[in-house]
Amino acid sequence: MSQTVRVRFAPSPTGALHIGGVRTALYNYLFARQHGGKMLLRIEDTDSNRFVPGAEEYIIESLQWLGIEIDEGIGAWNKTSGRLTKELCGQYGENGPYRQSERREIYHRYIKQLLDSGNAYYAFDTPQELEQARQQTPNFQYDARTRTTMQNSLTLPAEEVQARLERGEQYVVRFKVGPNEDIHVHDLIRGEVIINSNILDDKVLYKSADDLPTYHLANIVDDHLMAITHVIRGEEWLPSAPLHVLLYRAFGWQDTQPAFAHLPLLLKPDGNGKLSKRDGDRLGFPVFPLEFHNEKDGTVSSGYRESGYLPEAVINFLALLGWHNTGDQEIYSIAELIEQFSLDRVSKAGARFDYEKGKWFNHQYLQRLSNQQLATLFMPTLAAHNHASEDIDKVAQVVGLVKDRINFPQELWEQASFFFEAPATYDEKSLKKRWKEDSPKHLSELIELLQSVPCERWTERGETKEDGTQGWYLDEVVMPWINSHDYGVGNVMNAFRICLVGAARGPHIWAITDILGKEETLNRVRKALTEIKS
RNA sequence: GGUGCUAUCGUCUAGUGGCCUAGGACAACGGCCUCUCACGCCGUAAACCCCGGUUCGAGUCCGGGUAGCACUACCA
């Protein structure tokens, strides 16, 4: 096959882009890049009632944040040249417009073609009449069996149809599905799927009310006109794939019909059903890439970006939710994913969304950042705690000491706040366990001992140990003192730690005193001595 | 209800007829390290949905159950 691969991501601007949609976009992107093909973004806004302002911008910003490039269509951009369109939601490419609401004339043409060839017909049944039919007949379906009893151009005299159209009566155009035919759909992930046409209904392809086609028609026409070679979409579309096959045939496009791949769905972490926005609210994790302010209903939804996720971590996490290579590799760069991704290694079964694993991925990627990079990500949190003017080099040094214990940059504050502020309170549990009767005595002596250390030696490093690590000079002063008085290393050091940190936790004590400095260290011990009652 | 898809540890998954006494990762638990809490390292527990069939041999192939999911709109 010498044909260039062309795939599309075709979301509806009905709200924030769901994380499942992000994965669909990602798989499309990986597939396109791997085959040297093109990735298109098309906006499927054929339902004027569900349009949400800002949704398009949101989709584009999300893809940019994640690094999923768009070669053609709405919001085209790439990592090297940046934005390919003038505005955020601009269009780029030869096959536009890429917003379905701007393609009305095109759809008119193809609706007419279907009408003329007898593959579609006008239907005048009102919503009320349809509702009535559904009430009267159990499992009512508008199809070969029932359409003879309805108000349409197949049952009405031609003159009346003409008259109704001329009167401007509202109508829809329905696809005429032939009875009892086994339709074969080849799916790249699932193999051959066979569905009998009897279970398909005469789908509405066009509604005169808003002069717009429905998804099915617009989708097939656009995929054809935009020369899409592979349709990679969610499994929820599998049941309508036979309809799409029939549509390609009705247009005479069966030879260029794209290949289909239906992706498994993302399921709730607990319970039954697919992952929804409510699950995120209920269980406390984002289901959207970016925070979203819905102008239509006034709601705000949390996003991965604002929660402190690195885009690479989200990509890696999502890639492995439904796809896995042979072998045990878990960490994949985007380049590795492009190289190794394949549709035939996509799982068939739905994947339960495991937020804990997402956190682990973020932890992994955070550790790979330099202290400086991570410090930069931490600065906003510091600013929120009134430490906006901290020196970045100091912050980086602090970050280096505690970063291995965090999953998100924001957590740096709870791990390292004592580097910036003296403890205001002392942790009950730590005091109970580590603050001994003679702690005040030990600490008073320790103050004197530390005071005797010249300032210039305070942060000095000590001897190199057997394992190659370097000790601290303070260690060489304090340890012999503890041992000679037989005070117990744990006793003294833990009490000391509580004075500095406010609890029995944190990095190595000399790493802390190193950053606090002599004066602050001694002040904190003095302060603790007056505030902690034995 | 109908139709379709799916089925390996709690979760994501490896496994394509003998290499499976079923591997890895997350989570859980235990130990080591250690002045503390973490990290890290080491280890433990944990699964082939059920029933038949094919085969010398089945997690792997076939059939039937069961269960889960999706679809069943003038939404996408």
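How close do the axes of H20 and H21 come, and at what angle do they cross?

1. The axes of H20 and H21 come within 11 Å and cross at roughly 35°. Axes here are lines fitted to C-alpha atoms, for helices over the stretch in contact, with angles running from 0 to 180 degrees between N-to-C directions. The crossing of H20 and H21 is left-handed, a term used if the near helix is turned anticlockwise from the far one by less than a right angle. Helices (H or I, at least four residues) and strands (E, at least two) are DSSP runs, numbered from the N terminus.

2. A word on the basis of these notes: this is a predicted model, in which local features need pLDDT of at least 70 and side-chain atom pairs count only at pLDDT 80 or more, while totals for chains, interfaces and linings use all residues. Residues are numbered from 1 along each chain as its sequence is written, and chains are lettered from A and ligands numbered from 1 in the order in which they are written.

3. Back to the helix pair. From H20, Met493, Phe496, Arg497 and Leu500 meet Ile509, Ile512 and Leu516 of H21 (contact: C-beta atoms, placed from the backbone, within 7 Å). By class, this contact has six nonpolar residues, no polar ones and one charged. Ala, Val, Leu, Ile, Met, Phe, Trp, Tyr, Cys and Pro count as nonpolar, Asp, Glu, Lys and Arg as charged, and the others, Gly among them, as polar.

4. Both helices also matter for the RNA side of your figure. H20 (489-501) and H21 (509-516) are among the elements that each supply at least two residues of the surface near RNA strand B, and H20 gives the most, with five residues. In total, 61 residues surround RNA strand B, the closest being Glu44, Asn272, Ala349, Arg352 and Arg405; near means a C-beta atom, placed from the backbone, within 6 Å. That surface divides into 23 nonpolar, 17 polar and 21 charged residues.

5. E11 belongs to an open antiparallel sheet of four strands in the order E7-E8-E11-E12. E7 (120-123) and E12 (212-213) stand at the edges with a single partner strand each, so one side of each has no neighbour in the sheet. Two bridges join E11 to E12, and strands pair if DSSP finds at least two bridges between them. Lys207 stands opposite Leu212 in E12.

How values were computed: Contact = placed C-beta atoms within 7 Å.
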